[in-house]
Amino acid sequence: ILGYETIQPSENVPLYLPGSQLEEQILKALTHEPLHIDELIRSTALAAGQVSSALILMEMKGGVRHNGGKFYTRATWPFEHSLLEIQNMSKKLLIVESPTKAKTINKFLGGQYTVLSSFGHIRDLPKSKIGVDTDNNFEPTYTIPTKSKKHVAELRRAAKDADEVYLATDEDREGEAIAWHVAEVLKLKPEKTKRITFHEITKEAIDYAVQNPRSLDQNLINAQQARRILDRLVGYELSPFLWQKVRRGLSAGRVQSVAMRLIVDRERERRAFDIDEYWTIDAEFEKDTALFPAKLVKIGEKKLEKLDLKTEADATKIASDLKGADVKVAKIEKKQVKKSPPRPYTTSTLQIDGNNKLSFSAKQTMRLAQELYETGRITYMRTDSVNLAEKFLTETQEFLTSTYGDKYAEGVKRYKTKK
């Protein structure tokens with residue numbers, strides 16, 4: 001059994017598991033000081049081609065670092081176990097729905113874990129037929145699309161060798177359904193299948209989720225299936241009608257159909273609305289190069305109501321009378337206003353601000369938010385919750401205290417979700 005010197009590792013240095021006896025020999029010979037490849041060949045008594053090929057592979061896997069020229073250093077902490085011990089370790093497979101998410105999570109987990117992506121749903125209702133048996137309790141028929149067959153084969157191979165399988169898809173209905181479909185297609189045994197969820201992709205959140213798995217939530221799964229079946233029943237029958245009457249390619253479904261009805265009802269209200277003309281009088285004054293706006297709100301003792309100036313002639317006459325008049329500032333009020341930070345975003349407020357401030361469509365906003373979530377930069381974005389990550393709250397207070405002083409660190413502000 002090969003061993004290494006025992007040195008206390010740094011918290012920031014990841015653990016690297018050598019994948020072969022050759023890698024283990026090279027890793028043992030390397031240190032955190034640059035070592036020339038010729039010296040490495042001499043110390044390991046290996047062929048130059050073997051060492052060169054192994055270094056390239058280990059660099060790709062993050063085990064060694066190329067320091068320029070022909071010098072290499074160990075990029076990770078030396079593993080203190082032999083290959084025999086490694087082979088006896090339990091093998092764990094963690095499945096997510098996105099390759100970006102898989103890449104981010106892989107940084108936080110040790111070499112025991114293999115992190116793979118399902119690339120979204122791995123099975124769905126068939127495209128060629130309705131796929132719902134309305135005479136048999138709306139029983140759906142699922143098929144594996146051609147584009148998913150390669151991913152399914154890869155997942156099957158990995159699941160076959162794994163002692164434990166963690167389903168780490170998103171925590172909403174869609175994510176729960178993806179996890180269920182994966183378990184069904186791979187025929188995973190319940191005793192080795194664990195469902196984990198997290199609100200943000202951080203090391204702390206991932207570690208906590210792995211330590212606190214649960215079983216699949218059948219209520220969430222059924223909710224997603226009901227939504228998908230309703231989509232199919234409405235869209236499959238109504239979309240062809242739209243193709244005939246409006247334009248081919250249009251989609252009708254449980255959302256679009258109801259939204260169209262709301263738009264039509266609103267348009268009818270608009271057309272039935274009685275239009276009332278009214279005018280306002282606004283002015284801009286200048287004093288010592290300072291510009292400030294003003295609005296006419298009273299004539300004599302009479303307060304102007306919204307509809308008092310009904311015609312352009314009425315407004316023009318008053319504006320003419322005001323020309324050349326002496327104007328003075330009668331009163332100035334000064335007061336301190338305390339402004340609280342805005343509430344954390346929910347799905348709807350994020351989409352509203354994305355449109356108002358950046359002119360993004362809802363689809364653009366959610367696509368970008370998904371990328372930010374999967375790379376560990378924001379918490380989960382498909383939610384009505386305004387809960388903030390504990391790690392973020394703690395680190396924010398520490399930053400305010402160290403940078404600006406206790407005066408500006410007023411303590412953690414927690415928001416409650418409106419019901």
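I looked up Tyr 380 first: Tyr 380 is buried, with a relative accessible area of 5%. I took buried as under 20% relative accessible area, with a 1.4 Å probe and protein chains only. This is a predicted model, where local features need pLDDT of at least 70, side-chain atom pairs count only at pLDDT 80 or more, and totals for chains, interfaces and linings use all residues. Residues are numbered from 1 along each chain as its sequence is written, and side-chain values use heavy atoms, without hydrogens or water.

**Aromatic pairs**

I searched the whole structure and found six aromatic pairs. Rings of Phe, Tyr and Trp (its six-membered ring) pair if their centres lie within 6.5 Å; planes under 30 degrees apart are stacked, over 60 edge-to-face, the rest tilted. Tyr 113 and Tyr 166 have ring centres 5.9 Å apart and planes at 50°, so I logged the pair as tilted. Tyr 113 is in strand 5 and Tyr 166 in strand 8 (residues 164–167), so this pair ties together parts 53 residues apart in sequence. Strands here are DSSP runs of E, at least two residues; helices are runs of H or I, at least four; both are numbered from the N terminus. Tyr 113 and Tyr 166 are both buried.

I then checked Tyr 373 with Tyr 380. Their ring centres are 5.2 Å apart and their planes at 70°, so the pair is edge-to-face. Tyr 373 is buried, at a relative accessible area of 0%. I also noted one aromatic cluster, formed by Phe 399, Tyr 404 and Tyr 408.

**Cores**

Next I looked for nonpolar cores (buried Ala, Val, Leu, Ile, Met, Phe, Trp, Tyr and Cys joined through side-chain atoms within 4.5 Å). The largest has 22 residues, and Phe 198 is one of those touching the most other members. Helix 8 (203–211) is among the elements giving two or more residues. Helix 8 gives the most, four residues. Phe 198 has contacts (heavy atoms within 4.5 Å) that include Ile 105, Ile 206 and Tyr 373. Another core of 18 residues lies apart, with Ile 122 and Leu 155 among its members.

**Arg 123**

Where is Arg 123 placed? I found Arg 123 in the loop between strand 5 (113–117) and strand 6 (132–133). Arg 123 is buried but has no salt bridge; Glu 184, the nearest side chain of opposite charge, is 4.3 Å away. A salt bridge needs a side-chain nitrogen of Lys or Arg within 4 Å of a carboxyl oxygen of Asp or Glu. I counted Lys and Arg as positive and Asp and Glu as negative, leaving out His and the chain ends.

Notes
Buried means under 20% relative accessible area, exposed over 50%, partly exposed in between (1.4 Å probe, protein chains only). Lists of a residue's contacts leave out its neighbours within four places in sequence.
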